[in-house]
Amino acid sequence: MDILDWYKATVGDDSENTVAKKARITQGTLNRQRHAGTLSPDTVIAIATAYGADVIEALVILGFITREQVSRHGISATLADATDLELSEEILRRLKASPGEHSVFDR
């Protein structure tokens, strides 16, 4: 799927005028970008937000970010949000699951 396919799937049969109003962007900007065969990241974010679409997925389709970058960020964000107890429990679970790899449980 390219970004223009994403656009059509996201906005359906809405006119450019309707899309521009919902996304709070100018119709001229939207028209120029669509006819050039691309949409700027700002435009994609505005449209995705206005239509309740996944902003991150749209930016991946646009090629502005990669799935790998999203994944890396997700892991970091999840770790940062974990409590000390949750982190400790995960470390303990991993140590128990791989007793041959420097495990304190082998001693």
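**Before starting**

Residues are numbered from 1 along each chain as its sequence is written, and side-chain values use heavy atoms, with hydrogens and water left out. Because the model is predicted, local features need a pLDDT of at least 70 and side-chain atom pairs count only at pLDDT 80 or more, while totals for chains, interfaces and linings use all residues.

**The whole chain**

Read from the N terminus on, the elements run α-α-α-α-α-α-α.

Next, colour by pLDDT, the predictor's confidence in each residue on a scale from 0 to 100. The mean for the protein is 86, and 89% of its residues reach 70 or more. Among the elements, H2 has the highest mean pLDDT, at 97, whereas helix H6 (residues 67-81) has the lowest, at 74.

Of the 107 residues, 21% count as buried, where buried means under 20% relative accessible area, exposed over 50%, and partly exposed in between (1.4 Å probe, protein chains only). Contact, here and below, means heavy atoms within 4.5 Å; among contacts between residues at least 6 apart in sequence, 40% join residues at least 24 apart.

**Select H1 and H4**

Two packed helices are described by the angle between their axes and the distance between the axes. Axes are lines fitted to C-alpha atoms, for helices over the stretch in contact, and angles run from 0 to 180 degrees between N-to-C directions. Helix H1 (residues 3-11) and helix H4 (residues 41-51) pack at an angle of about 25°, with their axes 10 Å apart. That makes H1 roughly parallel to H4, given that angles under 35 degrees count as roughly parallel, over 145 as roughly antiparallel, 65 to 115 as roughly perpendicular and the rest as oblique.

H1 passes H4 in a left-handed crossing; a crossing is left-handed if the near helix is turned anticlockwise from the far one by less than a right angle, and right-handed if clockwise. Show side chains for Ile3, Trp6, Tyr7, Thr10 and Val11 in H1, which meet Val44, Ile47, Ala48 and Tyr51 in H4. The residues of this contact divide into eight nonpolar, one polar and no charged, with Ala, Val, Leu, Ile, Met, Phe, Trp, Tyr, Cys and Pro counted as nonpolar, Asp, Glu, Lys and Arg as charged, and the others, Gly among them, as polar.

H2 and H4 pack at an angle of about 90°, with their axes 8 Å apart. That makes H2 roughly perpendicular to H4. On the H2 side the contact is made by Thr18, Val19, Lys22 and Ala23, and on the H4 side by Ala46, Ile47, Ala50 and Tyr51. The residues of the contact of H2 with H4 comprise six nonpolar, one polar and one charged.

The axes of helix H2 (residues 16-23) and helix H3 (residues 27-36) come within 9 Å and cross at roughly 120°. That makes H2 oblique to H3, and H2 passes H3 in a right-handed crossing. From H2, Glu16, Asn17, Val19 and Ala20 meet Gln27, Leu30, Asn31, Arg34 and His35 of H3. The contact of H2 with H3 contains three nonpolar, four polar and two charged residues.

Within H2, centre on asparagine 17, which counts as partly exposed at 33% relative accessibility. Its C-alpha atom is separated by 9.2 Å from that of glycine 28, eleven residues apart along the chain.

**Select the loop between H2 and H3**

Arginine 24 lies in this loop and has a positive phi of about 60° although it is not a glycine; at 79% relative accessibility, arginine 24 counts as exposed. Threonine 26 is also placed in the loop between H2 and H3, and is partly exposed, with a relative accessible area of 49%. Threonine 26 and glutamate 16, ten residues apart in sequence, are 9.5 Å apart in space, C-alpha to C-alpha.

**Last stop: threonine 43**

Return to H4 and select threonine 43, which counts as buried at 3% relative accessibility. Leaving aside its neighbours within four places in sequence, threonine 43 is in contact with Ile25, Thr29, Leu30 and Gln33.

Methods. Helices (H or I, at least four residues) and strands (E, at least two) are DSSP runs, numbered from the N terminus.
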